[in-house]
Amino acid sequence: MQTVISIILVIGVLIFVHELGHLIVAKRSGILCREFAIGFGPKLFSVRKGETLYTIRLLPLGGYVRMAGEDPEMIQIKTGHDVLLQFDSLDQVSKIILNKSNRQQENRLIEGEPLNVQRIDLDHDLFIEGYNAADELVRYPISRKAVIVQGNQELLIAPYDRQFNSKSIGKRAATIFAGPLANFLLALIIFIGLALSLGVPSDQPIVGDVLPGSAAEEAGLMPGDRIVAVDQKVMDNWNELVQTIMINPGRELTLHVERGDSQLELVVTPDSREDNMRSGEKIGFIGVHQHFEHSILGSFVYGFRLMLEVSTLIFTSIGMLITGALGLDALAGPVGIFDFTSQAAAAGLPMLMQWTAALSVNLAILNLLPIPALDGGRLLFLLIEAVRGRPLDPQKEGLAHFIGFALLMLLILVVTWNDIQRIFFNQ
C-alpha cells in the first residue's frame, strides 16, 4: 500500500506542477481557463473555484488545462433555438437557458424571457437577437460574464479577448512553455532541498560513513579521515580515490591518512565485486561513503549542477535513440516508471525525492521535443506562425496533433509491452 501511495503521489505531483504552470501563465495572460484536470477519462472529483472547474479524473496518465478557444465549445447556440433569458442590474443578458419552453426542470419553474434566436455573437459584439413571446424582433446586449445553461451544465461565455488564439504569439508561447518550466523548477527545488537537508558531497578525499563489516572498517578507517595518498600516490579528490580503489580489487593497499593532527598508515584490501555497468568486470570496493558538507550557497550550486547533469544525460540518451545507438527496449513506459518509482520508494525518502526530481526533468524535456501533440510541437507551430506572419490552417494543425498523439500512444504501447516483458518475464 505504501508503494502504491508513493507512485500516486509522485505521478500526481509531476502532473499537477506541469499543468499548474500552464494555468498560472494562462490566467495572467487573460485567458479563460475552463478546466484544470489531473488525469483523463471519467471525473472522480470536481470543484469549481471562480471561472475554473478543478477535476481529478480516473486515468492518471497526464492532465490538461482546457482553455477557451482551443477547442469547439461544448454548448453552442444556433439560429432557431428557443432560449430563456435572464438579465442583470444593467439590463444585460446574464444567463441564457437552453429551453424550448418555460417548463419545469428539477421540480422548479425556470423563469426568464423566452426568445427564438435569430442571431447571436458571443465573441466580439456580444449580443443576442430573436423573436420574443409577442413575436417581436428584439436585440439584447450580453454581459461579458454571462453563462449558458443546459440542464445541470453551465458554461461561462468567452469573449474573443479571453480566448487563447486572441493572445500574442509571445503570450501563447509563454503559456505553453510554462508547463515544462514548472517541472524544471520543481526538480531544482527538490535537488536544492535535498542538498540543504543532507549536505553537499565533498570533492575532497574525506571519508563519510564507514559500512559495518566492510574492508574499510577492518582496516581501521573512521568517518572524517582524509586519505591523502594510496601507495604513495597523492589523492587530489574523491573521484581519484574511488578510481584507484576500483582498479585494485583484492590487492593490498597502503592508505596514508590524516586524522585530526595525526598521520596514520592503514592497510586495506578492497573486496572484489562485479560491475554491472561493465559486463561483470571485477572492481574494488572498501565500503566507505563520500563526506557531505553543509553550505547554503553550495547547496544551490549543487542543485543547479545536478539538474544540468540530469538534463545532459537525457539529451544524450535522446540523441542515441535518434542515431540508433539505443533501441526502444531502453525506454520505459508507464509500467516501467511505476516499477522504478516503487524501487525508489523502497530505498527511502531521499532516493524517492531524487527520482521524482529526475523524472520531473525528464517530463520537461520530453514535452519540449518538437513533436505534434506535445508542448514542443505546439511551440513549433507558433514559431512557424511567427515566420509566416499568419497561423497555419487550424484543421491541418489539428490533424498534425492528432497524428502525433496517435503515434505517441502507439509508442507507449510498445514500451509498455517491453516493460511487462522485462519486469514480469525477465526477457
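A salt bridge here is a side-chain nitrogen of Lys or Arg within 4 Å of a carboxyl oxygen of Asp or Glu. The pair links distant parts of the chain, with Glu35 in strand S1 and Arg66 in strand S2, 31 residues apart; strands (E, at least two residues) and helices (H or I, at least four) are DSSP runs numbered from the N terminus.

This is a predicted model, in which local features need pLDDT of at least 70 and side-chain atom pairs count only at pLDDT 80 or more, while totals for chains, interfaces and linings use all residues. Residues are numbered from 1 along each chain as its sequence is written, and side-chain values use heavy atoms, leaving out hydrogens and water.

**Salt bridges**
- The whole structure holds 12 salt bridges.
- Glu35, Arg57 and Arg66 are linked in a network of them.
- Glu35 is buried at 3% relative accessibility (buried means under 20% relative accessible area, exposed over 50%, partly exposed in between, with a 1.4 Å probe and protein chains only).
- Glu129 forms a salt bridge with Arg119, the closest N and O atoms being 3.5 Å apart.
- Arg139 also forms a salt bridge with Glu129, at 3.7 Å between the closest N and O atoms.
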